[in-house]
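Biologist: Thanks for sitting down with me. Could you take me through this model and tell me what stands behind each label?

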Amino acid sequence: MEQTNKLKNSKEVIQYLTAQFPNCFSLEGEAKPLKIGIFQDLAERLKEDEKVSNTVLRSALRQYTSSWRYLHGVKVGSKRVDLDGVEGAEIEQEHVEHAQKTLKESKDKAFANKKAQAEKAKAAERKPKAEFKRSSKPKPANKPAVEKKPIEKLDSKDLVAGKNVRVLVGKTPMPGQIAEVTKDGIAVTLTSGMLVKVKAEHIVA
């Protein structure tokens, strides 16, 4: 009996999706914004394909939609596409703002890490003979607490596919729509098009 070679990681899955749906996914240049709910469409199209599991597919989509070239494509005037490349709804302003914010944070983090590594390398080259203990800088005063919007947890009966919710990703709840509910977590499509998988307690009204 012939054994099917399953795709094991996100990179392989993205390459496979690009080959299967070239009008939707790409490996180079600016990526097209994906239709909200694209995961369900992919799961349906690939349900007979033994190469791709939903778990690895979900992870690959998360990586694809968080890449810099994808976030660059989420801009004013752009339209989301389905698996066949058919254009649909135009990107909403709040989705554009969210993508720009995510892109800036990602780039700032990458540049900060690169700068830190460069400074560490320079410091190693000019390491002084004697090390002097530096005086610790005074800690900045605590900022006044900002009043937050109340967060309401949802009952498990309300966690159904298609429901608009907010997801606790970091400190700020982000708006999105439940894509799939499974035993090991809940997949939510954020307004930027990014697909994340979280636990039920991280989903609020």
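Modeller: Gladly, and let's begin with a histidine: leaving out residues up to four places away in sequence, H98 touches M174, L190 and S192. Contact here means heavy atoms within 4.5 Å. H98 has its place in helix 5.

Biologist: Before we go on, what kind of model is this, and how are residues numbered?

Modeller: This is a predicted model, in which local features need pLDDT of at least 70 and side-chain atom pairs count only at pLDDT 80 or more, while totals for chains, interfaces and linings use all residues. Residues are numbered from 1 along each chain as its sequence is written, and side-chain values use heavy atoms, with hydrogens and water left out.

Biologist: Why is H98 called buried?

Modeller: Buried means under 20% relative accessible area, exposed means over 50%, and partly exposed is in between (1.4 Å probe, protein chains only). H98 has a relative accessible area of 14%, so the residue counts as buried. The buried residues of helix 5 are H95, V96, H98, A99, T102 and L103. Their cover includes helix 4 (68-73), strand 1 (79-81), strand 4 (172-182) and strand 5 (185-190).

Biologist: What makes a stretch a helix or a strand in your list?

Modeller: Both are DSSP runs numbered from the N terminus: helices are H or I with at least four residues, and strands are E with at least two. The chain has 5 helices and 7 strands, and from the N terminus on its elements run α-α-α-α-β-β-α-β-β-β-β-β.

Biologist: How do you know that the reach of helix 5 is close to the expected one?

Modeller: The expected span is 1.5 Å times one less than the number of residues. Helix 5 (residues 93-125) has 33 residues, and 48 Å is expected; from its first C-alpha to its last the helix reaches 48 Å.

Biologist: Why is helix 1 called roughly perpendicular to helix 3?

Modeller: Helix 1 (residues 10-20) and helix 3 (residues 54-65) pack at an angle of about 85°, their axes 8 Å apart. That angle makes helix 1 roughly perpendicular to helix 3. For the cut-offs, under 35 degrees counts as roughly parallel, over 145 as roughly antiparallel, 65 to 115 as roughly perpendicular and the rest as oblique. The axes are lines fitted to C-alpha atoms, for helices over the stretch in contact, and angles run from 0 to 180 degrees between N-to-C directions.

Biologist: Which residues make that contact, and of what class are they?

Modeller: Helix 1 brings S10, V13, I14 and L17, and helix 3 brings V56, L57, S59, A60, Q63 and Y64. By class, the contact of helix 1 with helix 3 has 7 nonpolar, 3 polar and no charged residues. Ala, Val, Leu, Ile, Met, Phe, Trp, Tyr, Cys and Pro count as nonpolar, Asp, Glu, Lys and Arg as charged, and the others, Gly among them, as polar.

Biologist: What makes E180 and R58 a salt bridge?

Modeller: A salt bridge needs a side-chain nitrogen of Lys or Arg within 4 Å of a carboxyl oxygen of Asp or Glu. The side chains of E180 and R58 meet at 2.4 Å, N to O. This pair links distant parts of the chain, with E180 in strand 4 and R58 in helix 3, 122 residues apart. At 4% relative accessibility, R58 counts as buried.

Biologist: How many salt bridges are there in the whole structure?

Modeller: The search finds 6. Among them, D41 pairs with K35, with the closest N and O atoms 2.7 Å apart. D41 is at 23% relative accessibility, so D41 counts as partly exposed, and K35 is partly exposed at 35%.

Biologist: Why is T65 called buried?

Modeller: T65, found in helix 3, is at 1% relative accessibility and therefore counts as buried. Leaving aside neighbours within four places in sequence, T65 is in contact with L34, Y70, L71, G193, M194 and L195. T65 and S192 are 127 residues apart in sequence and 8.3 Å apart in space, C-alpha to C-alpha.

Biologist: And L27, is that residue buried or partly exposed?

Modeller: L27 has a relative accessible area of 47%, so L27 is partly exposed. The residue lies in the loop between helix 1 and helix 2 (38-45).
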